[in-house]
Structures are given as structure tokens and as C-alpha cells.
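Colleague: Please take a close look at one part of this model, a pocket and what surrounds it. I would like one connected account.

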Amino acid sequence: MTVMTEERREQADAEARSQLQVLAGEIRRRRKERDFSLEALSALSGVSRSMISKVERGEAVPSTAVLSRLAEALDVTFSRLMSPATDREVLLIPAARQPVLRDEETGFLRRCLSPVLPGRGIDLVLNTLPPGATAGEFVAHRRGVSEYIFVLKGRLRAVIGERSLVVEEGDSLYFEADAGHAFTNLGAEACQYFLVIDATRLR
């Protein structure tokens with residue numbers, strides 16, 4: 001039993017390292033595609049040059065807030081940074097191959113459920129927030145980006161701009177995401193919620 005547990009832990013660590021390398025490669029590739037220096041991307045995103053450099057070398061796991069800022073500055077969705085694009089229109093994504101990012105500081109877990117296809121502007125993400133944890137402050141998206149939330153389990157506080165709302169289990173929430181936004185788990189157990197980011201109006 002102990003051996004199996006260690007094997008699973010080693011497998012999970014290997015998958016996390018592999019995912020970090022994919023993320024590092026995508027950020028570096030997209031930065032160079034846009035002809036951004038590290039300094040230019042830093043100025044545009046508000047993320048320090050040293051942090052971007054560490055992320056691109058696979059030496060640091062970016063927090064959710066940092067990754068959000070980089071995605072916005074590079075004009076891509078969160079999922080596009082988590083996995084390379086594919087041209088296939090029918091795509092089964094086994095659970096083991098769904099990109100997962102864990103924020104080491106808060107325990108916030110993001111599992112990307114949507115495929116990365118050219119010409120699409122939809123991200124579907126399953127988020128899990130530990131008790132009392134916050135997802136951090138997300139930078140405002142460009143005007144035209146919308147977000148939808150459905151709470152599967154728990155209670156979530158959503159702060160959008162100056163507004164604060166409590167989203168209960170089974171509730172759904174829609175908002176225009178061109179204002180800063182943040183989410184906090186108000187319950188004593190993990191809060192699970194689906195998040196859909198819709199940027200199709202920008203295309």
C-alpha cells in the first residue's frame with residue numbers, strides 16, 4: 001500500500017513538472033511571437049521581469065493572479081497557456097491529461113476542461129478553493145470578455161469591481177469581466193465551482 005502511494009505521488013510530481021514545462025514553453029513562445037522582450041512583457045503585465053524569466057525556465061509556479069496578468073498581456077486565454085493548440089474538432093480529454101495548476105500559497109486548484117482549438121474564445125475551468133482561501137485578485141479583462149460561474153459545492157464570495165455578492169451552492173453568476181474581480185471561499189469545506197470565460201465577442 002505504501003509503495004503504491006509513493007508511486008502515485010511520484011507520478012503526480014512528474015505530471016506537475018511536465019505541466020510546468022508546457023506552461024513555460026507556451027509563455028516563452030507567445031512572448032516571442034509578439035516580439036516582446038522580457039522587459040516589455042513585464043511592463044505590460046505588471047509581473048516582474050525576474051518572475052517571468054523564472055516561469056519561462058520552469059523554475060517557478062506562477063500564482064493564479066500572475067498567470068491571469070500574463071494571459072491578458074499576451075492576449076490569450078488561460079487554457080491556451082496551459083496546453084498547446086490542436087486543430088482537431090472532436091477531442092476527448094481524459095482526466096489525467098486535463099491541465100491542472102495549483103497555487104502553492106493558497107491551495108487554489110484550477111483544472112482546465114476545455115480543449116484549446118484555434119479560433120475559439122471559450123475557457124471552461126473547474127476551480128477548487130480550500131476553506132477560507134481566496135483565488136486572489138484577477139486583473140480586468142478587455143471590454144467584451146464575460147464570465148459565468150456555477151457553484152457546485154460550498155459558498156463563494158465574488159467581488160466584481162465595487163460589488164460584492166455571495167454565490168450559494170447551485171447558484172449561477174454572470175458578469176462583464178472588464179473590472180478587477182476576486183473570489184473567496186466562505187465555507188468550512190472546499191468550494192467547487194465551474195468558471196466559463198467567454199472572449200468570443202473579441203473575435
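Modeller: A residue counts as lining a pocket when it has an atom within 4 Å of one of the pocket's grid points. The model is a predicted one. By that criterion 22 residues line the second largest pocket, and those nearest its centre are Glu72, Val76, Thr77, His141 and Ile197. The space in this pocket comes to about 300 Å³. Its lining is made up of ten nonpolar, eight charged and four polar residues.

Four elements each supply at least two residues of that lining: helix 4, helix 5 (78-82), strand 9 (181-185) and strand 10 (191-198). Helix 4 gives the most, with three residues. Helix 4 (residues 64-73) is largely enclosed by the rest of the structure, because eight of its ten residues are buried. Among the buried ones are Thr64, Val66, Leu67 and Glu72; Glu72 is also one of the residues nearest the pocket centre. After helix 4 comes Asp75, with a positive phi near 60°.

The largest nonpolar core has 22 residues, of which Ile149, Leu156, Phe183 and Tyr193 touch the most other members. Strands 3, 4, 5, 6, 8 and 10 each give two or more residues to this core, and strand 10 gives the most, with four. Leaving out residues up to four places away in sequence, Ile149 has contacts that include Leu156, Phe183, Tyr193 and Leu195. A second, separate core of 19 residues includes Ile27, Leu41, Val76 and Met82.

Technical notes. Residues numbered from 1 in each chain as written. Predicted model: local features only at pLDDT ≥ 70, side-chain atom pairs only at ≥ 80, totals over all residues. Heavy atoms only, no water. Buried < 20%, exposed > 50% of the residue type's maximum accessible area, 1.4 Å probe, protein only. 1 Å grid on protein atoms, 1.4 Å probe; cavity = no way out; pocket = protein on both sides within 12 Å on 5 of 7 lines; lining within 4 Å. Points joined across faces, edges and corners; volume = space filled by probe spheres on them. Nonpolar A, V, L, I, M, F, W, Y, C, P; charged D, E, K, R; others polar. Core = buried A, V, L, I, M, F, W, Y, C linked by side-chain atoms within 4.5 Å. Contact = heavy atoms within 4.5 Å.
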